[in-house]
Amino acid sequence: MADTAAGPGGSGTRSGSKQSTNPADNYHLARRRTLQVVVSSLLTEAGFESAEKASVETLTEMLQSYISEIGRSAKSYCEHTARTQPTLSDIVVTLVEMGFNVDTLPAYAKRSQRMVITAPPVTNQPVTPKALTAGQNRPHPPHIPSHFPEFPDPHTYIKTPTYREPVSDYQVLREKAASQRRDVERALTRFMAKTGETQSLFKDDVSTFPLIAARPFTIPYLTALLPSELEIQQMEETDSSEQDEQTDTENLALHISTEDSGAEKENASVLQQNSLSGSRNGEESVIDNPYLRPVKKPKIRRKKSLS
Amino acid sequence: MPPTGIEPSRMNRKKGDKGFESPRPYKLTHQVVCINNINFQRKSVVGFVELTIFPTVANLNRIKLNSKQCRIYRVRINDLEAAFIYNDPTLEVCHSESKQRNLNYFSNAYAAAVSAVDPDAGNGELCIKVPSELWKHVDELKVLKIHINFSLDQPKGGLHFVVPSVEGSMAERGAHVFSCGYQNSTRFWFPCVDSYSELCTWKLEFTVDAAMVAVSNGDLVETVYTHDMRKKTFHYMLTIPTAASNISLAIGPFEVLVDPYMHEVTHFCLPQLLPLLKHTTSYLHEVFEFYEEILTCRYPYSCFKTVFIDEAYVEVAAYASMSIFSTNLLHSAMIIDETPLTRRCLAQALAQQFFGCFISRMSWSDEWVLKGISGYIYGLWMKKTFGVNEYRHWIKEELDKIVAYELKTGGVLLHPIFGGGKEKDNPASHLHFSIKHPHTLSWEYYTMFQCKAHLVMRLIENRISMEFMLQVFNKLLSLASTASSQKFQSHMWSQMLVSTYGFLKSISNVSGKDIQPLIKQWVDQSGVVKFYGSFAFNRKRNVLELEIKQDYTSPGTQKYVGPLKVTVQELDGSFNHTLQIEENSLKHDIPCHSKSRRNKKKKIPLMNGEEVDMDLSAMDADSPLLWIRIDPDMSVLRKVEFEQADFMWQYELRYERDVVAQQESILALEKFPTPASRLALTDILEQEQCFYRVRMSACFCLAKIANSMVSTWTGPPAMKSLFTRMFCCKTCPNIVRTNNFMSFQSYFLQKTMPVAMALLRDVHNLCPKEVLTFILDLIKYNDNRKNKFSDNYYRAEMIDALANSVTPAVSVNNEVRTLDNLNPDVRLILEEITRFLNMEKLLPSYRHTITVSCLRAIRVLQKNGHVPSDSSLFKSYAEYGHFVDIRIAALEAVVDYTKVDRSYEELQWLLNMIQTDPVPYVRHKILNMLTKNPPFTKTMESPLCNEALVDQLWKLMNSGTAHDWRLRCGAVDLYFTLFGLSRPSCLPLPELGLVLNLKEKKAVLNPTIIPEAGASNQESLSNPGCHAQLAGFQNPFSSSQDEEEVDMDTVHDSQAFISHHLNMLERPSTPGLSKYRPSSSRSSLMPQHSLGCDIIPATKPQWSMELSRKGTGKEQPLEMSVHSMVAAPLSVFAKESTSSRHSEHHHHHHHEHKKKKKKHKHKHKHKHKHDSKDKDKEPFAFSSPASGRSVRSPSLSD
């Protein structure tokens, strides 16, 4: 676009940037200086006699961004069409996309008052230091096309196993299992003892044999009688499924009665039906037990209900 | 059977063969119990009962019922208000001011108090007056309906509430309530005739929260919601006539399980325990089948219920058509040890359904028949279920128990006969309690009584054969079931009551055999037989000369005359000989069948027909005798000490197939620590066919022998290599195999062997290091992951083994026990205990067996001086809220600590717990443990023995335990153990003056007794002779009362009265001459004096009424004083019951005043109707339960 390119121009002294010792910085500095020259000449071309340093810098930045964007975008278009080298059409499309009227370009390029700028000094492209390589990279196996990236350095994938023969000795296994369990138990109980209240057998020493303090239960028989969950699982596996079904129907009546403790009167009929169905199930398994029979509704007696 | 043989048992029966004669002037036919409100929060119960009775005499004007604790609001007979008094002398046995602290006195007074309310004597705490309007009705012997409204508030006995303090509704919390008690204790929760001999039909109604289930006797007819649908009413009908004492109740949020095999059987358990219930009861139907088969009789009730509840009073309680079990009997399929125990409990309960619930007893002295039969058929079930070995082992165990108990205490009498209540006939003068009532019996005695009863049944079986025995049972049952289906009017119900007489008659009818000698020996008489046997072999005559001596002079023994079986194992076989044990024949010659011929190699035939090879090198070359057994069938209740050579015992152990013989020889071999004994025991241990219990006891014997042989013992410690071979890995012998308990026999052996091994000691009397390491390794390598069963009992026993290995610490200058000077071995042990105990908190074991073992082990370490002796750990574990097994173990340790450290503080702590703990079983158990392991005894000086303690214990048994018979008897036992029968030695001498008045009073009452009383004064306190004298003057006394037209009940009261006075006289310091002190000194009426009278009103209102009537005329100062004590509560009654007597009224007020001045505690006396004349018309507006304590009702719950 013309107006973009024909921005206000003006010459100005470029402030020297810090001398850098870095070759990569030198490279970038050289390019930038060229850009500054371009900006300055364009300013001159546009009739500026002088320009503030800050405005030149800003314009340089803008130009740099513009050019960078063209490059980036062109690269994208070229990759989009599965190429690695951008062609002219990529650039054109890019420019069009950026809202630049390409047709004005040849005229602009051939304008009379243009200044010719010398090419930037050739500085060496900075060399990225080579990564440390260890050993020979493995060649591709035959089924991998050669254009695929190479294998990384061997040290990233080569492993050196350092295992011993698995222990199969019974004695050692038992020994190990025993001491592991013991260690776990001891650690666990010590932890529990440390974090909770303890009792001690020795008045002078509370830490060597810490006993977790005895805490009464509200329902002591449950912990004492019920097997642990693991054990229950085992038991259930052995239980026949028939028995389970049976108790389900058996408990139905009871459950109903438990649930309806707070039930209101309007629920009563529903409950009645439920418990009736419960008893029907009971009949199927031919169990007539008074405790499974439904709970009867009270006989309606006016006197009582009034009171 | 000729009737002559029956004479003795008829003595206490008024009407021999017709059987039962009710002690009551009426007959109960039906009772309604209705509990309409149960409040778990307040632990209260409100309800009513209605008894339907038929008078049997025309002039029935008072009805006595049993009731304790209940607050009675109102009594109506046929809808007419009836006056009643409530009077319970057992609340406070001896009235308080007495400085009498001797147990003789207490026991007599207690027995008298129990008699005074004994339903079997027609008495009761509640006396209801039949309204005069009904007298005509009564004269026509027409039916009376007694309606009693009552409530119970925080009952201390009879009904037990379990209310866990967690969040949620009562049902969610698992709150429940159940009836409990020792013998007839139903009166604790509703008014009734609390006798096993008064049968009636029942209607039971319980209104409970809708989430709860009420389980009671008989058939559940229906369940009906209340109008608000929040509650349900359970209606039960029991149409089989049943005694009130067999009525029970359990209410809770139970899970219901219908028995899959028998649909009329229902099981109940607390929430979450259903899987356990399923497993536990899955076996019950087999027990049913067994009993029904052997009795050839169907289970008598139409249904059966088992309820498993927490905080049980006893593990098993049988009631009509239901049994209440401890929830701790429930177990899963993974538990080995509990399974047979629980099954035994179930079988016991069921046996009692037939005999005990369905068939009841006529009187207390017939109790042995019921306990005997139920115990006997339970034994038959044991034999069938667990095998003959287990059965014989059990019989032997029971026999040993009863023998030891009888020898210790002086005898257990199955069938006490009380001829006319004379003290002279007291068959149990060697005991510190009366055996006249179940409620005065020591619990231990009662347990032993049951044990003896079933053993005697077995003796009868031996005599008449099992077939006849079962026929007799069948006959009793069929008679009863015929009777049970009859109407009341047929008067057949008494057929459901068994009596000693009826039972014996049945036996003689069925078997035609005369078992009278047997009955006389074991039932009518107490004591066991003690045989000493030795022998010599007479080679010339080829005769075994057996000498059998008896000890029948020591307490608890009796002389045995009759046949005795002796089994002699000779080379040619086993031969039975029956010897006649007679008065003076000690020696018995038994011809031998075989010559000694050890050279012939021939197999030796055994008793069971088996022929075995034996290595005969050990035996005496001259004798063909291998071993001799006396009474091998245990057909005498005896203890046998028999002498035979060690090799004979060894042969007996190896080759006799009877487990009892094996057990006996193991016991005998303890005295022969020789390599041969060692070998015999080791062989038995290894023998797989051998009964596991024998092998287990062989372990302990081996340990003992090894200790005796310690200097000559060679090889590894006893049993170690054996254990290694049996239970350790082949490749690495120091590691035990992973647990596999599929074979129960080896499981039990595996458990026991280390425990026995830990008892081994080296020459320094220390447990060998090798053994300790071995046990520690067993613990370390224990691996239960692949086991089908839980290993909690096994691990617990390993801790027991560790505890067994502990030996007393070597103490230098009584240094204080600290961690630094801890023995390294003990440190290892302690390490294990700590870990186990801590792991229990995270992964608790079944019934906390491991915690229990750990606590015991810690106490052992303390006792042996390794760990500072301290009770605080145990006290924390003894708190309410721990599992009961843990609590008992901890309490046991505290009891032991109390004894060893003589700690007053701990003793107080225990005593406090006895009074306050919520669980009756725990309270009972503490007393029991204190009695077994007392802090001091009567023969011992102890700083703990002081007056305050005496007072405390006295109070405990006098009034503190009135709500629980078992507890009170336990307190009596403890008191006896600590102080003996006479006045505790630590008490200061009593003041003397008081006694004088008593004597004078006596003189007034009956001058003839004075010389005798003086004589008795000289006698030693515990001399039973005192009783004889007491009885001597009792008769004139009561006859004099008869002249004053006192009814028969007076007998008891006069008994109490006299025994009281006699005990006063028995005081050692009472000088005999004081009896002539002038009567004027009476004016001061010292506490003791009035106390003497106290018993009278307490037990016998009528009589005191008579006295008061008489007193006005007679002007006897003493009578007046009696009156003063008595009339207050009673004159009102008298006034009401007869016509009003104004003079009486004056007296009454006067004395009431006087009474207050003397600060007498008539707590339980009735004041109601004091001014009832005025209020008679007024309806009973104040009888509402909500109004708190009714003015007229006794406040008994304080």
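This is a predicted model: local features need pLDDT of at least 70, side-chain atom pairs count only at pLDDT 80 or more; totals for chains, interfaces and linings use all residues.
## Around Asn184(B)

Contact here means that heavy atoms of two residues lie within 4.5 Å. Leaving aside residues up to four places away in sequence, Asn184(B) touches Pro119(B), Asp194(B), Ser195(B), Tyr196(B), Ser245(B), Pro438(B), His439(B) and Trp965(B). You'll find Asn184(B) in the loop between strand E10 (176-179) and strand E11 (199-209) of chain B.

Is Asn184(B) buried or exposed? Its relative accessible area is 3%, so Asn184(B) is buried. Two of the neighbours deserve a second look. The side chain of Asn184(B) makes a polar contact of 2.8 Å with the side chain of His439(B). A polar atom of the Asn184(B) side chain also lies 2.9 Å from the backbone oxygen of Asp194(B).

## Chain B as a whole

Now zoom out. Chain B has 36 helices and 31 strands, and 63% of its 1198 residues count as buried. If you take the contacts in chain B between residues at least 6 apart in sequence, 73% of them join residues at least 24 apart.

## Leu455(B) and its neighbours

Leu455(B) is part of helix H8 (residues 443-464) of chain B. With a relative accessibility of 2%, Leu455(B) counts as buried, because the cut-off is under 20%. Setting aside residues up to four places away in sequence, Leu455(B) touches Ile395(B), Glu398(B), Leu399(B), Ile402(B) and Leu637(B).

## Rings meeting rings

Next up are the aromatic side chains. The count comes to 56 aromatic pairs over all chains. Take Tyr105(B) and Trp954(B): their ring centres are 6.5 Å apart and their planes meet at 5°, so this pair is stacked. The pair links distant parts of the chain, with Tyr105(B) in helix H2 (residues 103-116) of chain B and Trp954(B) in helix H26 (residues 947-960) of chain B, 849 residues apart. Tyr105(B) counts as buried at 1% relative accessibility, and Trp954(B) counts as buried at 4%.

Tyr301(B) and Phe358(B) pair up edge-to-face, with 5.9 Å from centre to centre and 85° between the planes. Tyr301(B) sits in the loop between helix H5 (284-295) and strand E18 (304-309) of chain B, and Phe358(B) in the loop between helix H6 (338-354) and strand E21 (360-361) of chain B, so the pair ties together parts that are 57 residues apart in sequence. Tyr301(B) is buried at 5% relative accessibility, and Phe358(B) is buried at 2%. Both belong to a cluster linked by ring pairs, together with Phe288(B), Phe290(B), Tyr291(B), Tyr299(B), Phe304(B) and Phe354(B).

## Charges over rings

Arg678(B) lies over the face of Trp713(B), 3.5 Å from the ring centre. The charged end of Arg966(B) sits over the ring of Tyr313(B), at 3.7 Å from its centre.

## Where chain B meets chain A

How many residues of chain B are in contact with chain A? There are 94, and they are in contact with 75 residues of chain A. The size of an interface is often given as the accessible area lost when the parts come together. Chain B and chain A bury about 7,200 Å² between them, and 62% of that is on carbon and sulfur atoms. Tyr225(B), His227(B) and Leu819(B) supply 10% of the area that chain B buries against chain A, more than any other three residues.

Seven salt bridges are counted between chain B and chain A. Glu222(B) forms a salt bridge with Lys296(A), and the closest N and O atoms are 2.7 Å apart. As for the side of chain B that touches chain A, its largest share, 11 residues, comes from helix H20 (residues 824-842) of chain B.

Technical notes. Residues are numbered from 1 along each chain as its sequence is written. Chains are lettered from A and ligands numbered from 1 in the order in which they are written. Side-chain values use heavy atoms; hydrogens and water are left out. Rings of Phe, Tyr and Trp (its six-membered ring) pair if their centres lie within 6.5 Å; planes under 30 degrees apart count as stacked, over 60 as edge-to-face and the rest as tilted. Helices (H or I, at least four residues) and strands (E, at least two) are DSSP runs, numbered from the N terminus. Buried means under 20% relative accessible area, exposed over 50%, partly exposed in between (1.4 Å probe, protein chains only). A charge sits over a ring if NZ of Lys or CZ of Arg is within 6 Å of the ring centre and within 35 degrees of the ring normal. Buried area is the accessible area (1.4 Å probe) that two parts lose on being put together, summed over both. A salt bridge is a side-chain nitrogen of Lys or Arg within 4 Å of a carboxyl oxygen of Asp or Glu. A polar contact is a pair of N or O atoms within 3.5 Å; within protein, one must be able to donate a hydrogen and the other to accept it, and residues adjacent in sequence count only if both atoms are side-chain atoms.
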